[in-house]
Each structure stands twice: as C-alpha cells, then as structure tokens.
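Open the structure in your viewer and keep the sequence beside it. The stops below are meant to be selected in turn.

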Amino acid sequence: MASENQKIIDIIEILKGLTVLELSELVHAVEDEFGVSAAAAVAVAAGPAAAAEVEEKTEFDVILTDAGASKAKLIIALKGALGVGLADAKAMVEAVPKAIKEAISKESAEELKEKLEAIGAKVEIK
C-alpha cells in the first residue's frame, strides 16, 4: 500500500509541473480513454461543499405572518422594537404578511421574533 501512495505522490508531483494547457489536454485524454466526464465528478465532489456555502446565511428577514388577538399591543411593541411611528407600526400590522425588518443578524431576528411572539403574534425568519 505504501508503494501505491508513493505512485500517487509521484503523479501529483508530475501534475504540478504541467501547464494549464497540458492539464486540459490530460483531462480530455483521460475522459476519452476511460469514457468518463471530469465535469460530472467535480460537480458531485463540489455538491455538498457548495450547498454548505449557500446555506450559510448572515442576514435574515423577520416576517410578521399573523398579528394575533392584541393588535394594539403589537403596534406598541413594533413601535418600540423598530423605532417607527405609530402610523407606520399600524400599517405593518394591517399589511400582514409583511416583512417588518430585513437584512439583520440571526441573533437580532430571533430576539425580535421572541418579543413579538410573547404578545401573541406569529413571526417567521427567512
């Protein structure tokens, strides 16, 4: 097994010395010889890593989906939490479903969600 590992190390060292054009020709030759596609292998190999990058969000939107039973308390809570006027807070409550805060950190979104759910509103984070 150690000799196989040495073969791989030797091949990698040879590959390091090739130009980009030579590497491209090598890829095409391997594809032709073995009837495989390097692009498919790369896509499969990169799939989980690419998915992990996409899932890693840094900004979140807080969506008010249901005002709940006490709209007056919700309006007051929105006014205080968002720093908006009463008219703006009332307009948000009346426009459900409505994004009430956009592009904020996950921690801030969770905190706002907890405050609003505590008074009976339904909130989603996207």
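The tour goes from the whole chain to the core and then to one helix.

This is a predicted model, in which local features need pLDDT of at least 70, side-chain atom pairs count only at pLDDT 80 or more, and totals for chains, interfaces and linings use all residues. Residues are numbered from 1 along each chain as its sequence is written, and side-chain values use heavy atoms, with hydrogens and water left out.

Start with the protein chain coloured by secondary structure: it has six helices and three strands (DSSP runs, helices being H or I of at least four residues and strands E of at least two, numbered from the N terminus). From the N terminus on, their order is α-α-α-β-α-α-β-α-β. Of the 126 residues, 16% are buried (under 20% relative accessible area, with exposed meaning over 50% and partly exposed in between, for a 1.4 Å probe and protein chains only).

Next, select Val62, Leu64, Leu74, Leu78, Ile100 and Leu116, which touch the most other members of the 18-residue largest nonpolar core (buried Ala, Val, Leu, Ile, Met, Phe, Trp, Tyr and Cys residues joined through side-chain atoms within 4.5 Å). Helix 4 (71-82) is among the elements that each supply at least two residues; its four are the largest share.

Now select helix 6 (106-118). Ala109, Leu112 and Leu116 are buried there.
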